[in-house]
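Student: Could you walk me through how to read a protein model? I'd like to take it one feature at a time.

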Amino acid sequence: MKQQIRIKNQPKTERLYTVVSDVRQHLDVMRGHGDRIVYRWNRRGGEGNLTYAQLVADVEALAAAQAASGLRDGARVVIIGNTTHMWMEAYLATLAADNVV
């Protein structure tokens with residue numbers, strides 16, 4: 001059961017946050033945001049957007065690839081790279097596959 005808490009940011013602004021206990025619940029919450037943009041970049045190599053739906057699909061594909069590669073639950077995984085959307089996807093996928101970063 002999802003628990004929701006209210007946090008008052010400013011006097012007239014109230015935001016609703018969903019409390020999650022693991023990365024799979026976090027992916028479910030992100031899935032609900034669909035085509036909203038979660039990450040935007042503009043670098044010398046080009047620019048682009050990543051939506052929540054694309055992020056969840058990428059994370060699930062990477063998690064499945066980790067499992068297919070023979071990593072067992074609790075395997076330790078090192079992620080080396082710049083903090084980009086690809087690093088974030090690898091981090092979330094590792095947790096979703098029940099591995100340890």
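**Starting from one residue**

Tutor: Let's begin with contacts, meaning heavy atoms within 4.5 Å. Leaving aside its neighbours within four places in sequence, Val 77 is in contact with Leu 71, Thr 94, Asn 99, Val 100 and Val 101. Keep in mind that this is a predicted model, where local features need pLDDT of at least 70, side-chain atom pairs count only at pLDDT 80 or more, and totals for chains, interfaces and linings use all residues. Residues are numbered from 1 along each chain as its sequence is written, and side-chain values use heavy atoms, with hydrogens and water left out.

Student: Where does Val 77 sit in the chain?

Tutor: Helices (H or I, at least four residues) and strands (E, at least two) are DSSP runs, numbered from the N terminus. Val 77 lies in the loop between α2 and α3. Its C-alpha atom is separated by 9.8 Å from that of Ala 90, and the two residues are 13 residues apart along the chain.

Student: Is Val 77 buried or exposed?

Tutor: Buried means under 20% relative accessible area, exposed means over 50%, and partly exposed is in between (1.4 Å probe, protein chains only). Val 77 counts as buried because its relative accessibility is 16%.

Student: Let's zoom out. What pattern does the protein chain follow?

Tutor: Read along the sequence, the pattern is β-β-α-β-β-α-α, with three helices and four strands. Of the chain's 101 residues, 26% count as buried. Among contacts with a separation of 6 or more, residues 24 or more positions apart account for 44%.

Student: Which residues touch the most other members of the largest nonpolar core?

Tutor: The general idea is that in soluble globular proteins, nonpolar side chains tend to be buried together. A nonpolar core is a set of buried Ala, Val, Leu, Ile, Met, Phe, Trp, Tyr and Cys residues joined through side-chain atoms within 4.5 Å. Here the largest one has 14 residues, and Leu 27, Met 30, Leu 55, Val 59, Ala 63, Leu 92 and Ala 96 touch the most other members. At least two residues of this core come from each of α1 (23-31), α2 (52-68) and α3 (85-96), and α2 gives the most, with five residues.

Student: What is Met 30 in contact with?

Tutor: Again leaving aside neighbours within four places in sequence, Met 30 is in contact with Tyr 52, Leu 55, Val 56 and Leu 92.

Student: How is the lining of the largest pocket divided by class?

Tutor: By class, this lining has eight nonpolar, three polar and one charged residues. Here Ala, Val, Leu, Ile, Met, Phe, Trp, Tyr, Cys and Pro count as nonpolar, Asp, Glu, Lys and Arg as charged, and the others, Gly among them, as polar. As for the term itself, on a 1 Å grid over the protein atoms alone, a pocket is an open set of points where a 1.4 Å probe fits, with protein on both sides within 12 Å along at least five of seven lines; lining residues have an atom within 4 Å of a point. The lining includes Met 30, Tyr 52, Leu 55 and Leu 92, and its largest share, three residues, comes from α1.
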